Amino acid sequence: MTEVTGKVDFKVGDDTYQTWYKIVGDLTSGAHPLIVLHGGPGFSHEYMTPLAEIHNKCNIPVVFYDQIGIGKSFFEGAADKPKEFWAVDLFVDELENLVAHLGVQDGFALLGHSWGAMLGAHYASHRHPVGLKHLVITSGTPSMALWEQSTRQLLKALPADVRETIERHEKEGTTDSPEYEKMVGIFFEKHVCKSPWPKVMETSFAAMMQHPTVYHTMNGPSEFTITGTLKSWSCLDQLHTITTPTLLTNGVMDEAQDVCMSPFFQRIPHVKWAQFSQRHMPFLEEEDQARYFQVVADFLTYA
C-alpha cells in the first residue's frame with residue numbers, strides 16, 4: 001500500500017494557509033478516489049484512518065486530510081480569528097481547493113463523518129460538484145436543531161445524577177471541571193465510542209483538546225449544547241437538489257439518532273440507509289467495523 005503526504009496552499013482573503021493531506025493508493029490508477037471528511041468540527045483525521053481498508057477492498061485511492069485549524073493543518077493565530085471566520089463555507093472552499101489540487105474534480109467520492117457528514121451534505125447541496133460520483137453520510141445531520149434534539153433526548157435518558165451534573169456545569173460555565181468531563185465521558189461511552197478508545201481516537205481527541213478553537217467556536221462546550229456558529233446551520237431545504245447516489249449510515253445507540261438521518265432519506269432522490277448495532281463510530285467498533293467497510297465498499301463499487 002503506497003502512501004503519499006503533502007500540503008496545498010489555501011488562500012482566504014489576503015492570507016494563505018496550508019491543508020495537509022495523505023493519499024493511500026495511487027491517484028493515477030484511473031479509479032475515482034474516496035475523500036474522507038473528518039468530524040468535530042476540530043477533530044484531526046487520525047480516528048478516520050481505519051477507512052484505508054476501503055483501498056484494500058476496492059483498490060481505490062483514499063484521501064485523508066486535516067481541515068485548517070487542527071492537526072497537521074493547524075496555524076498560529078487560529079485562536080485570534082473572529083468567530084465569523086469559522087464558517088461552513090470556509091471548509092467547503094477548502095475542500096474544493098483540495099479537490100482541484102489533486103486533479104480529481106472530474107471524478108471522486110466523499111465520505112463524511114459527523115461534522116464531516118454535514119460538510120459533505122452542504123457541499124453537495126449548495127455547490128453541486130459535477131464530479132461527485134458517490135456521497136456517504138455517516139452519523140450526520142442536515143440541521144443543528146435536529147442534532148440538539150437528538151443529543152438532548154439521549155441526555156435525558158442518562159441517570160439523573162449524570163444529567164443534572166452536566167446541566168449544572170453548563171449553566172455555571174464550569175465545563176472545564178474534571179467532574180463535568182467525567183460525566184460527559186459517560187455519555188461518550190454510551191453514544192460515541194466505547195472505552196478504552198483506540199489509539200487513533202485518542203490522538204484525534206488530544207489534538208482537539210490541544211487546539212480547541214474550532215470545536216468551541218463552531219459547536220460549543222459539548223455535543224448537546226450548541227452555542228457556536230453552527231447553531232443555526234441547516235441544509236434541509238436543499239437536500240432534494242442532491243442528485244449524487246448517497247449512502248446513509250448510523251448506529252442504534254448513535255448520538256446521531258434517526259431524527260437526524262430521516263430527512264436525508266426522505267429528501268435525497270437516490271439514497272440507501274444502513275444501520276449498525278453500536279455507536280457513533282462504526283469504523284472503530286468491533287461489532288460493526290467489518291460490515292461497515294463492506295457496505296461502503298459495495299456502495300462505491302456497485303451503486
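Which residues touch the most other members of the largest nonpolar core? I began my notebook with that one, keeping in mind that this is a predicted model.

**Entry 1: the cores**

I found 53 residues in the largest nonpolar core, and Ile-35, Ile-68, Trp-86, Phe-91, Leu-110 and Ile-137 touch the most other members. Helix H2 gives this core its largest share, eight residues. A second, separate core has 44 residues, among them Tyr-47, Met-183, Met-201 and Ala-274.

I then looked up the neighbours of Leu-110. Leaving aside residues up to four places away in sequence, Leu-110 touches Leu-34, Ile-35, Leu-37, Leu-95, Gly-120, Tyr-123, Leu-132, His-134, Leu-135 and Val-136.

**Entry 2: the sheet**

Next I traced the strands. They make an open sheet of eight, in the order E1-E2-E4-E3-E5-E6-E7-E8, and the pairing is mixed. At the edges I have E1 (3–12) and E8 (271–276), each pairing on one side only. From one strand to the next, the twist averages 20°.

I followed the pairing from the E1 side. E1 and E2 are antiparallel over 10 bridges, and Asp-9 has Gln-18 in E2 as its bridge partner. The two strands form a hairpin with two residues between them, and Gly-13 in the turn has a positive phi of about 60°. E2 also runs antiparallel to E4, joined by five bridges; here Tyr-21 is partnered with Tyr-65 in E4.

Is E2 enclosed or open? Seven of its 10 residues are buried, so E2 is largely enclosed by the rest of the structure.

Further along, E6 (residues 132–138) and E7 (residues 246–251) pair in the parallel sense over four bridges. Ile-137 stands opposite Leu-248 in E7, and I had already noted Ile-137 among the residues touching the most other members of the largest core.

I turned to the helices. H2 packs on the sheet and touches E1, E2, E3, E4 and E5, its direction making about 130° with that of E1. H3 packs on the sheet too, touching E3, E4, E5 and E6, at about 140° to the direction of E5.

How do H2 (residues 88–102) and H3 (residues 115–126) pack against each other? Their angle is about 75°, with the axes 10 Å apart. They are therefore roughly perpendicular to each other. From H2 I listed Val-88, Asp-89, Phe-91, Val-92, Leu-95, Glu-96 and Val-99, which meet Trp-115, Leu-119, His-122 and Tyr-123 in H3. By class, that contact has eight nonpolar, one polar and two charged residues.

Conventions:
Residues numbered from 1 in each chain as written. Predicted model: local features only at pLDDT ≥ 70, side-chain atom pairs only at ≥ 80, totals over all residues. Heavy atoms only, no water. Axes fitted to C-alpha atoms, helices over the stretch in contact; angles between N-to-C directions. Parallel < 35°, antiparallel > 145°, perpendicular 65-115°, else oblique. Contact = heavy atoms within 4.5 Å. Nonpolar A, V, L, I, M, F, W, Y, C, P; charged D, E, K, R; others polar. Core = buried A, V, L, I, M, F, W, Y, C linked by side-chain atoms within 4.5 Å. Buried < 20%, exposed > 50% of the residue type's maximum accessible area, 1.4 Å probe, protein only. Pairing = 2+ DSSP bridges.
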